Amino acid sequence: MRTADVAVIGAGPAGLSAALNLVRARRTVLLVDANRPRNAATLLSHGFITRDGISPLELRRLGRTEVEGYPEATVVQSVVDSVRPDGDGWAVHGTWRGTELDAGVRAVVVATGLREEFPALPSLRAFYGTSVHSCVECDGYEEAGEPLALVCETPDVVDRALLLASWSDDLVVYTNGVAPLDDRGRARLAAAGVRVDERPVADLEGGRDGLTGVRLADGSVTAHTGAFVRPVWHADLDWLEAPVSRDQDGLVVVDRLGRTGVPGLYAVGDVTPPGPEQLIVAAGHGASTAAAVHRDLVGGLEDLRDAVQ
């Protein structure tokens, strides 16, 4: 049984930043990490000042080491299966290789991120993180000017394609016969010089040197050296026994400081709208949420809370 002021569930940039700033506020923090990062396949991360080009796994390691350096922090590896209200606080339960975690805390910060569901292309995972990416802001620079593909099956296909087109003027959008695309959307893409192929996609082609093309179900192949894919994201929160509000995508609705509306419960990072974001943005949100948690635990700051909301 571990007791702390705050349990931070998830040790990505958002969770690590929240934990670091909370221990520096002299809050005792239980940081629970299942060590299943969404970007584990990504070799390099970008846009994080002083850490541009670092491995995202190395960034996590460095952050965890910094948090562990504070005596107020307890870092455990565990898969959380229950977080529930318990009196004036919260009970946290998890397991890892037969070892159970039971903790009583005053507040909980959910920073577990998302699970990705990709289009059903057999070879996609083989290229993901090297030639194929999901974050345009993160990896667009490295693919700039190349013949690119965007495989997108979701309604935001036009907006995503126009964003990617700012990095390359040789772009083909593949809807796989799934993404809804009306005449106005086709006209917007055509005006930007973006080609559209609405036929079913069979697979990606390439080898050890990377992606070489997209193969359609009819056997035709279009050459590409890089591609971006739009996953569908899932917030797996069955373990959270609290009546939180979620948007149409299942993400946890919060105010700008991570408050869920349930006293003592906060959420930050990819699990909140608008979903996946750059690592440095998630870290910034983690710091803001940590400040809100600390102020709420101090109490008597209702005027400040109203002002920031």
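I take contact to mean heavy atoms within 4.5 Å. The model I examined is predicted.

**Entry 1. L265 and the main core**

I looked up the surroundings of L265, setting aside its neighbours within four places in sequence. L265 is in contact with W90, V108, V110, L240, A242, V244, G258, R259 and T260. I then asked which residues have the most contacts inside the largest nonpolar core. They are V92, V108, V110, L240 and L265, in a core of 29 residues. I noted the elements that give two or more residues to this core: β1 (2–9), β2 (29–33), β4 (79–86), β5 (89–96), β6 (99–110) and β17 (265–267). The largest share, 5 residues, comes from β6. Another core, of 23 residues, lies apart from this one, and I found A73, V75, Y266 and V268 among its members.

**Entry 2. T289**

I located T289 in helix α7, which runs over residues 279–298. Is T289 buried or exposed? Its relative accessible area is 2%; the cut-off for buried is under 20%, so T289 counts as buried. With neighbours within four places in sequence left aside, I found T289 in contact with V109, L257, G258, Y266, A267 and V268.

**Entry 3. Helix α2**

I checked the length of α2, residues 56–68. At 1.5 Å a residue its 13 residues should span 18 Å, and the end C-alpha atoms are 18 Å apart, so expectation and model agree. I listed the buried residues of α2 as P56, L59, R60, G63 and V67. Where do these buried residues fall when α2 is seen down its axis? They fall within an arc of 100 degrees and therefore line one face of the helix. I recalled that an α-helix has 3.6 residues a turn, so residues three or four places apart point the same way. The cover over the buried residues of α2 includes α1 (13–24), β2, β3 (73–77) and α7. At the N-terminal end of α2 I found S55 as the cap, with a side-chain oxygen 3.2 Å from the backbone nitrogen of L57.

**Entry 4. Cysteines**

How many disulfides does a search of the whole structure find? The search finds 1. It is formed by C135 and C138, whose sulfur atoms are 2.4 Å apart. The torsion about their S-S bond is about 65 degrees, so I recorded the disulfide as right-handed. Both C135 and C138 are buried. C152 is in no disulfide, and the nearest cysteine sulfur, that of C135, is 14 Å away. I noted C152 as buried also, with a relative accessible area of 0%.

Notes: Residues numbered from 1 in each chain as written. Predicted model: local features only at pLDDT ≥ 70, side-chain atom pairs only at ≥ 80, totals over all residues. Heavy atoms only, no water. Disulfide = S-S within 2.5 Å. Buried < 20%, exposed > 50% of the residue type's maximum accessible area, 1.4 Å probe, protein only. Helix = DSSP H or I, 4+ residues; strand = E, 2+ residues; numbered from the N terminus. Core = buried A, V, L, I, M, F, W, Y, C linked by side-chain atoms within 4.5 Å. Expected span 1.5 Å × (residues − 1). Arc of directions from axis to C-beta. Polar contact = N/O pair within 3.5 Å; in protein donor to acceptor, adjacent residues only side chain to side chain.
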